Amino acid sequence: MLFLHPCTMRKGAQLAPEVTVIGVQVKSPKKVLTGPASWEKHWAKSFAVMPLPDMYNVGCGTHVAEFMKMATVPSTSLARDRRVSTLSAEGRLHLLQRAFHHFSRAVIPLGDLRMSMRPVEREIQLQTDWVEACCDQQGSAADKVIVEAESAFDSFLGEENRREKLQSGESEFAVARAVKKEIEMRYGGRS
């Protein structure tokens, strides 16, 4: 599983030459260990792992990412078409919280993390909208199409200090409007 803040893993639109990963293994092959009872029993005090219930989205099984099994791998070894799933915004917050606790024993409140991650999450959503619109227009989700769309998005966000403006609550909406307008102009929809 890829690990670390999205800005740390990327150099512009591309993954950094080497990225940090965490080993993932099966915790329960059949049971989806989620909900309040499972949380208390399996996860509430086990900050050495990140629970990944129903990782394959098939209604069964729970995996865990183990923070003690970290490594650095060449990003060229990570084929996009072998990606299994992506953490939700809330999942990324829990991952950060659990990692901070594992490495420092400090529990950072999710609300604090949510506020600091807001601009990053906004950028992730805008990039997703951009890439999906490009793929829809091209009629393809081939790696080449996605890479070109990500690069175009990165260039657009780098112009006129848009990325920096996402950090400001006042400018965030203006940047989002500019991105949506550009999506409409380039790809004819999905704004």
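**View 1. Overall fold of the chain, with seven helices and six strands.** In this predicted model, the elements follow one another from the N terminus in the order β-α-β-β-β-α-β-β-α-α-α-α-α. The C-alpha atoms fill a box of roughly 50 × 35 × 30 Å along the principal axes, and 38% of the 191 residues count as buried. Among contacts in the chain with a separation of 6 or more, 59% are between residues 24 or more positions apart. The accessible surface comes to about 11400 Å², and carbon and sulfur atoms account for 54% of that area.

**View 2. The open sheet of four strands, in the order β1-β4-β6-β5.** The pairing within this sheet is antiparallel. Strands β1 (2-3) and β5 stand at the edges, and each has a single partner strand, so one side of each is left without a neighbour in the sheet. Helix α2 (residues 36-43) packs on the sheet, where it touches β4 (18-28), β5 and β6, and the direction of α2 makes about 145° with that of β5. Helix α3 (residues 89-104) also packs on the sheet, touching β1, β5 and β6, with its direction at about 75° to that of β6.

**View 3. Strand β5 (residues 49-53) and its pairing with β6 (residues 62-74).** The two strands run antiparallel and are joined by five bridges. Within this pairing, Met50 has Ala65 of β6 as its bridge partner, while Pro53 stands opposite Thr62, also in β6. Although β5 is one of the strands at the edges of the sheet, four of its five residues are buried, so the strand is largely enclosed by the rest of the structure.

**View 4. The kink in helix α4 (residues 110-138) and the residue that follows the helix.** A kink of about 50° lies at Met117, shortly before the proline Pro119. After the end of α4 comes Gly139, for which phi is positive, near 70°.

View 5. Glu150 has a relative accessible area of 9%, and because the limit for a buried residue is under 20%, Glu150 counts as buried.

Notes. Residues are numbered from 1 along each chain as its sequence is written. This is a predicted model: local features need pLDDT of at least 70, side-chain atom pairs count only at pLDDT 80 or more; totals for chains, interfaces and linings use all residues. Side-chain values use heavy atoms; hydrogens and water are left out. Buried means under 20% relative accessible area, exposed over 50%, partly exposed in between (1.4 Å probe, protein chains only). Two strands pair if DSSP finds at least two bridges between them. The bend at a residue is the angle between axes fitted to the seven residues ending there and the seven starting there. Contact means heavy atoms within 4.5 Å. Axes are lines fitted to C-alpha atoms, for helices over the stretch in contact, and angles run from 0 to 180 degrees between N-to-C directions. Accessible areas come from the Shrake-Rupley method with a 1.4 Å probe; for residues, only the protein chains shown count as cover.
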